[in-house]
Amino acid sequence: MAKHQTSPQSASSQGANSQDANHTLEPFFILHKAQPQATVVEKVSKSRKGRKKGIESSPKSPEKSKRTTSDEQPSNTLYEQWWFKAFNEIWSLIQSSIEGVLRDINLKLFNEVLQWIEDSFSEIKSNVKLSSSEILQPYPLLADTLCRKIPTAFVLTKNAEFVDDIQTFCDLGSHLKANRCHVANMSALDFSLKFGIGGSVRSLLRQLHSEPLDGKIADMLTLAKWYCEEEKNDKPIVVMIDDMECCNADVLGNFITMLSEWVMKIPIFFIMGVATTIEAPKNMLPSDALQHLNPSKLTLGTPSDRMNSLVESVLVEVCYCFSLGHEVSVFLRNYFLRHDGTITSFISALKLACSKHFSLESVSFLGLYMLDQDSEERWSEKFVYLPESMKRCVLNLHSCKSEKNLQGGVGSIVQQLSDLKASQRFWSSVVLCLFEVARYSKMQFLDIFCEATDPKMYCMNGSENSLKKHFRCGDKNSTARSSSGVGSITRVIHTIREMPVAALSNLLDKWNNHTEEMTEINEEVKKLQSVLASVDEGKVYEENLHNIRNRKSVSVISGKRNSANEKVAMLLDAMIRKYMKPLECMTLHEIICFRDVDVLQSGLIGDPRKTIQLDLLKCHSYLSCSCFSSDAKNLSPSMHDTSIMYKLAQEFGDVINLYEWYQSFKTVLTSSSQTSRKRGRPSPASKKAKPLPPSETEALIQARFCGAVTELQISGLLRMPTKRRPDFIQRIAFGL
């Protein structure tokens, strides 16, 4: 960025005021357009004169474009379009799954709130029937204390951070509006001590009124007049406060007391979010405000429950188009548990991982093929139109170098992609079966997911992958060895051995749905269902006997139950050995698997001070301006002032002398500008403008110097002078 100071008035004035205009300084900036850097693909395309139009459509439908030969290369811009389209389509699929999961989780709570409002509203309407004139009376009705209580629902959110519940309360408000309710979403800012109760009433009226409150008094009588309008007095008014513990207690208490005087005329309901405990309102609100509330308790799903649903629907069920490596999964789990424990931060991290994957992996756009339900022949037709350079990129992937079957060209690539998608489906089915057991024992799905993505968990010994051998083997230690003897998967298998018959039968019913694509496993599940049915009948017979004298029959029934549990555990062990192959152990996994944990960590946690330092020191590489010298050490007056100042600061130690720093800055601006005037051709504007007097030039340089020092202080790189040493500045950022 080059900064030039001149006077527009001096360049254009030709009248009597030209002398005054010359002394008017109006600085402005001229952004230098960066020169396009030719990539390798662009250089190849420019060197070939007879380039035809290559693939102009997305890789999803390349048959609409002309076939690209090996000598024709699409531009780098076209590749970026493919990556961008792949990211948009796959992330939109993931985002729709996330929204659907969260909506289903909250729907139960929304229906409970709506039913509570409808029941309370119908009770109020049946007991109190007032005309419009009675409602508009400025004084409250004479009624007992019980009738003046406001129905209040305290929603226990159990979140330390309220960022997840903001969207939940917005969705709840939309759900109530769609079901004939007047809704006012209020926050803690509406109950601040600065604005008092008047600000609370004004915010309430502003949300309920469709027209602005210009010239209207913000009081309860205005609200009563609005409620008496046609088609408005047959709906309840719901006041939602997302986090009541952040509100000012006195302002909120006065607001509740004031509304209680009008609750007989205007049906008002409170929905308040409570983050800590249900006892928080009693400890926070004044006693006179609490006596005007008729409380009810509702509970929102915990963050761990929502995380389990997200892992199941997003990371497992749609894993065939985008998935996470083991190290990235472990990092995201630790980031969720140690950072703030919010679903919002986890979703943001997942989106960043998805965007980094498509921006860094050259063949990531081929993940669009995983979304299609086409046959291998159809895939082969699409792959034919890919450029040869991209085919070579696929064959040069790390997972393909040791794969001999990929030397056959397009057909082998398509076959491996088909196998990759099928293996991911089988892996997903096995992990879903593990989740069903974890749901019974209340284990965290994310822990199981991290173990299921670990390549070390997969045993490559083919002799142990036979199902028949597992069913013949009765060694209980084999199941422990299949899960490496540690972690959540081992606990899942041990849980199966201790499950009662009813829970085991319910588990097999769910496994029957998850294993429909695995024919051999599905047959074994059905066999075990029939075995459990006979065990269940024996248990019912045992319970119906009043006097059991034959203890041997009891031991036989117990032995059958233990045998059934062991067979179910062995079946899960066989499923893990044969089908739960982690994605990182498969060929072409780089297309859909993101594994660069360092990139994700720097994007989420980052080092902003180091980034600012690098940007200031390497401004020439970012701007790519022709006025910059090829040598990065040389300073140009067209550089940004802050960059010049920070580069000059590298010549000092911990303490910078202000006078010497300013003289160096002044030397760069004056000497370099004089040299450029001798070499370069002056512009027409410089011919018209008169040179500034030395005093004004000095003042302008000082102003630019002070502005650059202030920017460095705001960036956290400097500490301003103290009274004891006013001529020195302390550097507080080193390490580059």
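Five strands form an open sheet in which the order is β4-β5-β6-β3-β7 and the pairing is parallel; strands here are DSSP runs of E with at least two residues, helices are runs of H or I with at least four residues, and both are numbered from the N terminus. Two strands are taken to pair if DSSP finds at least two bridges between them. The model is predicted, so that local features need pLDDT of at least 70 and side-chain atom pairs count only at pLDDT 80 or more, whereas totals for chains, interfaces and linings use all residues. Residues are numbered from 1 along each chain as its sequence is written, and side-chain values use heavy atoms, with hydrogens and water left out.

At the edges of the five-stranded sheet stand β4 (182-186) and β7 (293-299), each of which pairs on one side only. From one strand to the next the twist averages 20 degrees, where axes are lines fitted to C-alpha atoms, for helices over the stretch in contact, and angles run from 0 to 180 degrees between N-to-C directions. Strands β3 (residues 150-156) and β6 (residues 268-274) are joined in the parallel sense by five bridges, and L156 has V274 of β6 as its bridge partner. Helix α6 packs on this sheet and touches β3, β4, β5 (237-241) and β6, its direction making about 175 degrees with that of β5; contact means heavy atoms within 4.5 Å. Helix α7 (residues 196-208) also packs on the sheet, where it touches β4 and β5, and its direction makes about 135 degrees with that of β4.

A further open sheet has three strands in the order β10-β12-β11, with antiparallel pairing. Because β10 (655-657) and β11 (718-719) stand at its edges with a single partner strand each, one side of each is left without a neighbour in the sheet. Three bridges join β10 to β12 (residues 728-731), and the bridge partner of V655 in β12 is Q730.

A search of the whole structure finds 14 salt bridges, a salt bridge being a side-chain nitrogen of Lys or Arg within 4 Å of a carboxyl oxygen of Asp or Glu. One of them links D447 with R333, whose closest N and O atoms are 3.5 Å apart. Since D447 lies in helix α19 (residues 445-452) and R333 in helix α13 (residues 326-340), the pair ties together parts that are 114 residues apart in sequence.
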